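This briefing is intended for a reader who meets the structure for the first time. Please keep the sequence and the 3D view at hand while reading.

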Amino acid sequence: MFGSSLSGQVPFITWEKRLEPSRVMAIIVPVAAVILALGVGAIFLAATGYNPLKVYQNMLEGVIGSKYGLSETVVKAIPLMLAGLGVSVAFRMLLWNIGAEGQFYMGAFGASWVALTFPHLPAYIMLPAMFVAGIAMGGLWAVLPALPKAKWGVNEVITTLMLNYVAILWVDYLVYGPWKDPKGFNFPLTAPFSEAATLPTIAGTRVHLGLIFALLAAVMLTIILWRTRWGYEIRVIGESPRAARYAGIKIERNIILVMLLSGALAGLAGMSEVAGITHRLQHGISPGYGYTAIIIAWLAKLHPATIILVSFLFSGLIVGGYSVQTSGVPAATVSMLQGAILFFVLGGEILTRYRLHIGRREVK
């Protein structure tokens, strides 16, 4: 009896890779992921004693319920767009630029240096000079880790991440030290910029020219990636570095150029913030725009136009979070929602690339 064997069929479940990613699933999955994330957020809110529907209603009204809320959503979206576009072009080539936060700070520093050093320049010279200084400092800060990556293969995740802290502490040194405003009641900030160092605004709101910078940058990246030889090289390297090297594409040179462009866009975000919103350099000028940009780039699947839309979604969460804080809801709730959205969207990616196959297997 013990020597006999059993045979038959047993069910099994496996994942099969789709030969071609499903376009329908690519649309359905992100939408479903956002709904699921909001559902998880609702459970958390209910468990902590808040009415989820009331909280979400307050968030929505805070974002689109008034001209001010809508304009503030656009204002918060501008740095997210620029930084998101910056990291996306690096990610497309499998360069993991985690340093957008530091590049943002260095862009703000470069623009502030121009505004504080040459306060009497007219606007038609001041603003272009701040623009150039912002993108130059952001690009330089990204090139610093790009050089060892290109020459020796040093891991850019570590170097870009560490340089974030260097940039933030450098700005803190300036605003607590030599650049501190003597009339600022001991707060860590510089003297206000001159009127010439202020970006023009739109229709009496705080929405500034940085919005145009972001939209033009999205168009520029779209053209570069899909209409130029350089964009083709970037995409080939991202898909198969070995094939790119076999085809004669200079990977080392592209590492430096792509990181330069990536950092320049993040630096432009910093320039836009100091010239368009704060009108001075100050401690904590970024609430984490560079890190949030990484989430945005992945959710948008690195597509420039989608990055613009996802940036509005996340800026709406930020502004809506300010609204619900007035009713006693913790600010960390917004961060939790952002994390939940990222978790469900990235987790749902498997459904666009694979299909679930249920079958039966013969056993003896």
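The points below cover the overall picture, the confidence, the salt bridges and the surface.

The structure is a predicted model. Its protein chain has 364 residues and contains 13 helices and 2 strands. The average pLDDT of the chain is 89.

**Overall picture**

- The C-alpha atoms occupy a box of roughly 95 × 60 × 40 Å along the principal axes.
- Buried residues make up 49% of the 364 residues in the protein chain.
- Among contacts in the protein chain with a separation of 6 or more, 79% are between residues 24 or more positions apart.

**Confidence**

- A pLDDT of at least 70 is reached by 93% of the residues.
- Residues 1–5 have a pLDDT under 50, and the model gives them 0 contacts beyond four places in sequence.

**Salt bridges between separate parts of the chain**

- Side chains of opposite charge can pair when their charged atoms come close.
- The count of salt bridges in this model is 6.
- One of the salt bridges joins the side chains of Arg-206 and Glu-72, with an N to O distance of 2.7 Å. Arg-206 belongs to the loop between helix 6 and helix 7 (210–227), while Glu-72 belongs to helix 3 (residues 67–92), so this pair ties together parts that are 134 residues apart in sequence.
- Arg-206 is partly exposed because its relative accessibility is 37%, whereas Glu-72 is buried, with a relative accessible area of 7%.
- Another salt bridge is formed by Asp-181 and Arg-280, whose closest N and O atoms are 3.9 Å apart. Asp-181 lies in the loop between helix 6 and helix 7 and Arg-280 in the loop between helix 10 and helix 11, so the pair ties together parts that are 99 residues apart in sequence.
- Asp-181 counts as buried at 10% relative accessibility, and Arg-280 counts as buried at 19%.

- The side chains of Glu-233 and Arg-229 form a salt bridge, at 3.5 Å from N to O.
- Both Glu-233 and Arg-229 are in helix 8 (residues 229–239), where they stand 4 residues apart, about one turn of the helix.
- Glu-233 is buried, since its relative accessibility is 8%, but Arg-229 is exposed, with a relative accessible area of 67%.

**Nonpolar surface patch**

- Leu-161, Tyr-165, Leu-169 and Tyr-291 make a nonpolar surface patch of about 380 Å².
- Helix 6 (residues 156–176) supplies the largest share of the patch, namely 3 residues.
- Leu-169 is located in helix 6 and counts as exposed because its relative accessibility is 56%, over the 50% cut-off.

**The loop between helix 10 and helix 11**

- Gly-284 is found in the loop between helix 10 (251–278) and helix 11 (289–299).
- The relative accessible area of Gly-284 is 39%, so this residue is partly exposed.
- The C-alpha atoms of Gly-284 and Pro-188 are separated by 9.4 Å, although the two residues are 96 residues apart along the chain.

Conventions. Residues are numbered from 1 along each chain as its sequence is written. This is a predicted model: local features need pLDDT of at least 70, side-chain atom pairs count only at pLDDT 80 or more; totals for chains, interfaces and linings use all residues. Side-chain values use heavy atoms; hydrogens and water are left out. pLDDT is the predictor's confidence in each residue, from 0 to 100. Contact means heavy atoms within 4.5 Å. Patches are made of residues with over 30% relative accessible area and no salt bridge: like charges are joined within 9 Å, nonpolar side chains (Val, Leu, Ile, Met, Phe, Trp, Tyr) within 5 Å. Accessible areas come from the Shrake-Rupley method with a 1.4 Å probe; for residues, only the protein chains shown count as cover. A salt bridge is a side-chain nitrogen of Lys or Arg within 4 Å of a carboxyl oxygen of Asp or Glu. Buried means under 20% relative accessible area, exposed over 50%, partly exposed in between (1.4 Å probe, protein chains only).
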